Amino acid sequence: MAPLAPALAAQPLDAVEVSVCGPAALTAPAVAHLRALGARPVEIPGPAGPARFQAPGGVSAELAWADLCTDADAAEEATVQAVAGIMHVHGRRDGEPRGLATDYAATCASVLTVQGLLAALVGQARGGSGAHVRTGADRAALLTVSQYLAAAGAPEDEAVLLAPGSSPPFTAADGTRFELEALDPGLWAAFWRALGAPSEAVRSGWRPFQFRYATACAPLPEALHAATRAASWAAVRRAAAAVGADVCRVRTLAERAGDPPPGEPWSFRTGEQAARTPAEPAARPAAVALPLAGLTVLEAGRRVQAPLAAHLLGLLGADVIRIEPPGGDPLRGMPPCCDGVSARWLALNRGKRAEQIDIKTPAGQHELRELAAGADVFLHNWAPGKAEQLGLDADALGAVNPGLVYAYTGGWAGRLPGAPLGTDFMVQARTGVADAARPADEPLAPSLMTLLDVLGGLHGAEAVLAALLLRERTGRGVRTESSLLGAAETLTGAALRQAAAGGDPRRPAGFRRPLPTADGWVAVADDSAAGARAHTGRLRHLGTTSAVALLRARGLTATAVTTDLRALPADRRLRGALTRDSHGALAVPTPWRFS
């Protein structure tokens, strides 16, 4: 099969046929993304086992549930969540492990597979040969908890107590459940004063609320919840509007299904000026193993979404340069630290170079434009309008580098006028993810695991890779945008289609809830859950190892639930996959293997 030909393509994979076979849980998100990128996916029946993808020019991919673990330990979504620690992190707010009711690990793995295909096609367009990419849902799951894992493995304590408790969302007097976002202590305090909350509760609640993005729990004083239960939803909204805080009602999947249809996960716009002719591939170092080797990515990111996207591009071989303020990124010192550097920060930023630039000054803006003139990608997740205000938007940087891929990873992609602040938990609340993440017997509540920041980062990397391929095919720079909204729509796509058809999109009561043993918990595969419930009483008197053995002897698929992330490096199921970097921080393995 010949590699992709240069073309005036409107989409990165225009007129490209990709054959796909394998279980729908692993292939469905990938097929949807390939189609959105302009490809023609051809789904063909195949033998049971991994999902397989075949693109032109000898580029192919394979996605299995287990690539690190044995099939017995990571057989499908529930068992992958159990092994990798997703159930533990998602359940921190409740004090016990809980399974995500949505197929989060499979969705992330499917997106990573498309990334691998796109990266291989970019490498091929730059003069390389075809490549086979392999990944696994277990690898994807470890990536999603990499920050929590790094923090757990650090020698220092957390800045706040990791404990269950009265976490958000809050409830108003009429029963409306809502999320609150306040990014500084002044807004936080002003909002609660407007609702008459006790000063001590306001003061003591700020730190667990502030750190909830890092810890996946937020044990807030009960007095804060009492204050919202005494106020109407209208009063809550007035209080937020008066002080500049944001609130968002937690919506159901059925409500979300009544909105306008979801858009594409990303957008692409090619530049008007040709950077080079499509027939002249960009220079690529000879005999390199990674497809993005020789490319330079400038990243001006904060928190998770853009830094994770750039981290993935670095794992694919790009030289990533972080743009940091004078004095460096303040999150470098966020506890817990390893060798003086934040373990969480390292999980997203190890291996990157850094340039300290004051982008608020004309001199700093000039310096960044000079860097962009020699880069391949500029990636940021600044607040809406900030790039234009600084003179660092796509048009400005495209003027100094017509071949630049300009990538923005944001919250709402400008698709929801009047939307609240586009942060993870607010987007979960607004889009129905809070409903999809929990079975029918749990109240609506966003997961305090940063589901969308991580999946949004994966979308951001995917958008950059697709834009790089479009640049190779057209010879023009590309402006691309991805969002947390797009990530939410990818995660809830199947449930929204079910709700739109009049079905019940929520999973049944108790879905993916681990079973207690004498010393821990076991998780069973979705199709083994009914059979396992018959043994619940006996399992409570058995150790976890014996409980797993009992269930497997009955022909059921089960594995132990990870309840201590610090123990994962020695967990035999991962077969030594976790390592430590030069600072001593725990690091998860790369999501892909290329051959």
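Me: Which residue in β4 is the bridge partner of Q54?

Reply: The bridge partner of Q54 in β4 is S60. This is a predicted model, in which local features need pLDDT of at least 70, side-chain atom pairs count only at pLDDT 80 or more, and totals for chains, interfaces and linings use all residues. Residues are numbered from 1 along each chain as its sequence is written, and side-chain values use heavy atoms, with hydrogens and water left out.

Me: What makes β3 and β4 a pair of strands?

Reply: Strands are DSSP runs of E with at least two residues, and helices are runs of H or I with at least four, both numbered from the N terminus. Two strands pair if DSSP finds at least two bridges between them. Strand β3 (residues 51-54) is joined to β4 by 4 bridges, so the two count as paired under that definition. They run antiparallel and form a hairpin with 5 residues between them. In the turn, G57 has a positive phi of about 70°.

Me: How do β4 and β5 pair, in the parallel or the antiparallel sense?

Reply: β4 and β5 (residues 132-136) pair in the parallel sense, over 5 bridges.

Me: Why is β4 called mostly covered?

Reply: Buried means under 20% relative accessible area, exposed means over 50%, and partly exposed lies in between (1.4 Å probe, protein chains only). In β4 (residues 60-64), 5 of its 5 residues are buried, so the strand is described as mostly covered. Both faces are covered: S60, E62 and A64 are buried on one side, and A61 and L63 on the other.

Me: What makes a space in this structure a cavity?

Reply: On a 1 Å grid over the protein atoms alone, a cavity is a set of points where a 1.4 Å probe fits but cannot get out; lining residues have an atom within 4 Å of a point. The structure holds 1 cavity of 30 Å³ or more, and the largest cavity has a volume of about 40 Å³. That volume is the space filled by probe spheres set on the points, which are joined across faces, edges and corners.

Me: Which residues line the largest cavity?

Reply: The lining consists of L143, T144, V145, S146, Q147, V304, L308, L348 and V454. Helices α5 (137-144) and α6 (146-152) each supply at least two residues of that lining.

Definitions and conventions:
1 Å grid on protein atoms, 1.4 Å probe; cavity = no way out; pocket = protein on both sides within 12 Å on 5 of 7 lines; lining within 4 Å.
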